Amino acid sequence: MRFFFYPTSVAVFGSFKKGAIAYEILKNIVEGGFEGQIIPVNPKGGEIEVAGINFKVDEKLEKNVDVAIIAIPARFVPSLIEEIGDKIKGAVVISAGFSEVGNLALEKELVEKAREKGVKIIGPNCAGIFGVHANFFGSFEVRVKKGGLALISQSGAFGGAALAMGNEEGIGFSAFVSYGNAADLTESDFLKYFADDKNTKVIALYIEGVKDGRKFIEALRYATSKKPVIILKAGKSKSGSKAAQSHTGSLAGSYEIYKAALQQFGAIEVEEMEELFDAAKVFEMYEKGGKKVAIITNSGGPGVLATDKVERLGLKIAKLTDNTINELREFLPPQCSVKNPIDLIADADYERYKQTIEVVCKDENVDTLLVICVPPIFIPSEEIARAIIDAKCNKPVIVNFMAGELVREGIKVLEECGIKNFPTPERAAKALHWLNLRKDFNE
């Protein structure tokens with residue numbers, strides 16, 4: 001399936017009036033910097049200008065291309081696949097109006113025509129695909145920056161929202177695929193593909209239901225043996241299951257069966273979108289964690305919140321050695337607490353943070369560090385960010401800078417060095433939880 005995410009040529013079928021889906025996809029491909037051949041196709045022909053580039057609109061596809069992106073009325077899609085099947089390797093069918101509205105016969109005809117021609121189908125009723133490392137943005141969703149997360153989404157709208165949220169969270173993506181009704185290629189096919197994709201470091205899957213449980217379990221087993229897989233499962237309740245069925249035309253199935261499979265193969269199940277990105281962020285930064293956590297803070301309240309969350313998640317507040325406590329006492333003001341959590345008090349500066357991180361990092365009882373900063377107005381957050389970056393520490397350091405304008409510049413400094421911020425103590429603690437789970441993966 002590499003041609004879908006690293007294509008050298010693409011044809012887009014549909015209306016190219018401004019605001020039409022095919023036009024918006026074409027615009028995204030052009031503005032995203034795709035360097036391959038781009039062919040707009042519409043029976044009316046003509047010319048269009050997109051992002052300052054003039055394109056001739058072909059009345060029919062005459063040349064061979066890797067991928068066709070199709071956004072035409074559903075009833076015409078099977079005959080189009082029959083017409084162009086010898087000229088394409090795969091098709092992304094954006095068009096809705098198939099099994100999700102009960103039109104099973106039309107979807108069956110689409111798949112039959114595609115298989116006769118040896119064409120792979122993504123969709124129908126989907127939002128498209130991104131091959132980010134190929135600068136290929138074959139979707140009407142917001143473009144994203146290059147990185148290591150492959151996002152597989154059954155729902156196009158969820159996928160779009162997740163991409164936008166990923167941009168806000170500073171996530172880099174390797175790929176995105178909205179697979180809709182999964183008439184041909186399914187979540188299982190994408191799990192296996194991204195497990196072997198060199199640019200993908202972490203796989204995230206939003207799933208409502210699957211059509212072939214055995215195939216899914218085999219794909220899950222394979223993918224989790226290669227890299228972290230994060231799963232957000234919708235349709236867990238009876239009402240949610242019914243909603244999922246009406247949404248995608250697939251069966252949501254028993255949640256207990258899914259849960260058992262996820263646990264068996266070491267997939268990370270999350271409950272909410274923000275958790276999906278928190279898990280992705282921590283997996284992008286670190287290979288493994290551990291249960292024993294040291295918390296370093298300049299504010300007692302957030303330190304207590306982090307401590308509560310760490311213990312509720314089954315992690316442990318590390319018991320610092322006497323050597324560590326004595327070394328901390330040598331340079332910290334007497335008002336500071338040197339027991340875990342370590343409270344550096346409000347006026348903690350660059351040197352206090354840096355030295356404390358380095359001393360605590362050497363402690364044999366500490367697996368990971370959670371560093372909290374709530375800066376007073378007289379200490380720039382970027383000063384503390386540089387202390388974290390400069391501190392010599394070979395253990396995972398999870399950072400919680402809060403909040404808003406006070407920490408914006410500090411977070412920017414951290415992100416430039418590949419350190420992600422977790423905006424609350426609880427989310428930072430949960431990131432440590434995901435990281436601790438990751439150590440069981442066979443990578």
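Two strands count as paired if DSSP finds at least two bridges between them, with strands (E, at least two residues) and helices (H or I, at least four) taken as DSSP runs numbered from the N terminus. This is a predicted model, so local features need pLDDT of at least 70 and side-chain atom pairs count only at pLDDT 80 or more, while totals for chains, interfaces and linings use all residues. Residues are numbered from 1 along each chain as its sequence is written, and side-chain values use heavy atoms, with hydrogens and water left out.

**View 1. Strand 10 and its two partners.** Strand 10 (residues 146–153) runs parallel to strand 11 (residues 173–178), and 6 bridges join them. Here Ile 152 has Val 177 as its bridge partner. Strand 10 also pairs with strand 12 (residues 202–207), again in the parallel sense, over 5 bridges; Ala 150 sits opposite Ile 203 there.

**View 2. A β-α-β unit.** Strand 10, helix 5 (residues 156–169) and strand 11 build a right-handed one: with the strands pointing away from the viewer, the path from the first strand over the helix to the second runs clockwise.

**View 3. Helix 6 against helix 7.** The axes of helix 6 (residues 187–195) and helix 7 (residues 213–224) come within 8 Å and cross at roughly 15°. That makes the two helices roughly parallel (angles under 35 degrees). Contacts (heavy atoms within 4.5 Å) involve Leu 191 and Lys 192 among others in helix 6, and residues including Phe 216 and Leu 220 in helix 7.

Key:
Axes are lines fitted to C-alpha atoms, for helices over the stretch in contact, and angles run from 0 to 180 degrees between N-to-C directions. Angles under 35 degrees count as roughly parallel, over 145 as roughly antiparallel, 65 to 115 as roughly perpendicular and the rest as oblique.
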